[in-house]
Amino acid sequence: MRLTRDDERARRICSLALEFMNARGHVSSSAIARAFYPTLSADSFRRAFSRDRETLAACGIVVEECMRTDEGSSWRMREDLFATGVELEPLEAATLEVACAPLLGDASFPLADDLRLALAKISRSFAETSVVSVPRQEESRAFSTLRTCLMNAHAAQVSYVDAQGRQSDRTIVPYGLFELRGRRYLVADGIDAATLQPKDELRVYRIDRFLAAEELTKTTYRVPEDFSVEDWRRLPFQIGGEKTGVTFLVPAEREQDVRRASLGQGSFAEKDGGLHWSVGACSIDEAASWAVAAGIFPVFPKALVDAWTAKLEGVVSHGA
């Protein structure tokens with residue numbers, strides 16, 4: 001079978017991805033050119049490699065220049081710029097847990113321990129999603145521009161609408177992207193207009209609230225070596241808005257999983273014969289969804305209890 005140019009490029013991009021994922025150190029431009037672009041001139045190689053890096057970035061593999069000498073550049077893959085959510089069907093996962101719950105308490109069921117372990121694994125992943133599915137976003141022009149800025153280490157001039165509906169224009173430097181419940185988020189720093197240096201005032205932006213973004217190719221920056229986007233991930237109900245305190249009762253059999261899934265957020269305390277977890281929440285509705293997924297029970301406030309009850313009733317009716 002004869003390969004088309006698109007087939008050859010797809011094969012090359014896959015090979016590049018494997019090369020950088022398996023590399024133990026930096027990879028020089030000369031080595032990349034010899035291995036993947038042997039027939040191209042130096043200028044053609046630079047253009048083709050730039051296009052292929054942009055495609056790799058779209059797949060979550062960011063290849064950055066890490067060293068430049070008289071002999072050429074060296075490249076490496078950044079492993080801490082993107083974090084992706086787990087792709088599950090939340091409503092089906094919650095329905096499965098509700099349906100299997102009676103078997104866990106049935107002493108005559110011989111596979112109760114195995115079932116409990118399987119459900120716990122589902123819950124650890126499912127706790128990052130919402131019981132109410134959020135449709136996956138189309139890739140906006142602003143998102144494409146911001147991703148390109150991240151890949152090229154260029155600042156961006158953006159127009160953004162916050163949770164209160166206030167629109168503002170600002171200059172930012174993107175540090176990393178992550179995803180929760182089908183929504184994408186950007187961790188970025190502001191930039192000082194006088195020095196053109198990052199302000200060290202990082203914040204999280206919701207991608208779908210960017211109205212526009214323009215790449216500032218003449219303003220470059222470097223992501224700090226100690227930055228990891230994982231440090232900026234929050235629980236799904238802690239993104240955006242003002243936080244209010246909520247409390248959950250954690251069953252003994254769920255303690256280990258909930259402590260792990262909590263990402264260190266909030267505090268755990270024994271109270272009234274049970275383990276209570278108190279944590280801040282920006283969305284009561286999403287906190288209720290998370291509770292259903294994690295197998296924990298809302299205690300406070302009443303609005304959380306009511307939302308949790310409504311979610312659970314929705315799950316039961318879905319499985320009927």
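Leaving aside its neighbours within four places in sequence, with which residues is Arg78 in contact? Arg78 is in contact with Val62, Glu64, Val223, Pro224 and Phe227, where contact means heavy atoms within 4.5 Å.

## Basis of the description

This is a predicted model, in which local features need pLDDT of at least 70 and side-chain atom pairs count only at pLDDT 80 or more, while totals for chains, interfaces and linings use all residues. Residues are numbered from 1 along each chain as its sequence is written, and side-chain values use heavy atoms, with hydrogens and water left out.

## Overall make-up

The protein has 9 helices and 13 strands; these are DSSP runs numbered from the N terminus, with helices (H or I) of at least four residues and strands (E) of at least two. Of its 320 residues, 42% count as buried, a term that means under 20% relative accessible area, with exposed meaning over 50% and partly exposed the range in between (1.4 Å probe, protein chains only).

The accessible surface of the protein comes to about 17700 Å², and 50% of this belongs to carbon and sulfur atoms; such areas come from the Shrake-Rupley method with a 1.4 Å probe, and for residues only the protein chains shown count as cover. Among contacts between residues at least 6 apart in sequence, 63% join residues at least 24 apart.

Not counting residues up to four places away in sequence, Val187 touches Pro174, Tyr175, Gly176, Phe178, Leu202, Arg203, Val204, Phe227, Val229 and Trp232. Val187 and Ser228 are 41 residues apart in sequence, and their C-alpha atoms are 9.9 Å apart in space.

## Helices

Two packed helices are described by the angle between their axes and the distance between the axes. Here the axes of helix H3 (residues 42-58) and helix H6 (residues 141-152) come within 10 Å and cross at roughly 115°; axes are lines fitted to C-alpha atoms, for helices over the stretch in contact, and angles run from 0 to 180 degrees between N-to-C directions. H3 passes H6 in a right-handed crossing, a crossing being left-handed if the near helix is turned anticlockwise from the far one by less than a right angle, and right-handed if clockwise. At this meeting, Arg53, Glu54, Ala57 and Ala58 in H3 meet Arg147, Thr148 and Met151 in H6.

Helix H8 (residues 284-294) is largely enclosed by the rest of the structure, because 9 of its 11 residues are buried. Those buried residues include Glu286, Ser289, Trp290 and Val292. H8 is followed by Gly295, whose phi is positive, near 75°.

## Salt bridges

Side chains of opposite charge can pair when their charged atoms come close. A salt bridge is a side-chain nitrogen of Lys or Arg within 4 Å of a carboxyl oxygen of Asp or Glu, and by this rule the count comes to 12. One of these joins the side chains of Arg76 and Glu64 (2.7 Å, N to O). Arg76 lies in strand S3 (residues 72-78) and Glu64 in strand S2 (residues 62-69), so the pair ties together parts that are 12 residues apart in sequence. Glu64 counts as buried, at 14% relative accessibility.

Asp162 forms a salt bridge with Arg166, their closest N and O atoms being 2.9 Å apart; Asp162 counts as buried at 16% relative accessibility, whereas Arg166 is exposed, with a relative accessible area of 52%. The side chains of Arg206 and Asp208 also meet in a salt bridge (2.7 Å, N to O), in which Arg206 is buried at 18% and Asp208 is partly exposed at 38%. Elsewhere, salt bridges that share partners join Arg9, Arg12 and Asp52 into one network.

## A nonpolar patch on the surface

Leu249, Phe297, Val299 and Phe300 form a nonpolar patch on the surface, with about 340 Å² of accessible area together. Patches are made of residues with over 30% relative accessible area and no salt bridge, like charges being joined within 9 Å and nonpolar side chains (Val, Leu, Ile, Met, Phe, Trp, Tyr) within 5 Å. Strand S13 (residues 297-300) gives the most to this patch, with 3 residues. Phe297 lies in strand S13 and is partly exposed, with a relative accessible area of 39%.
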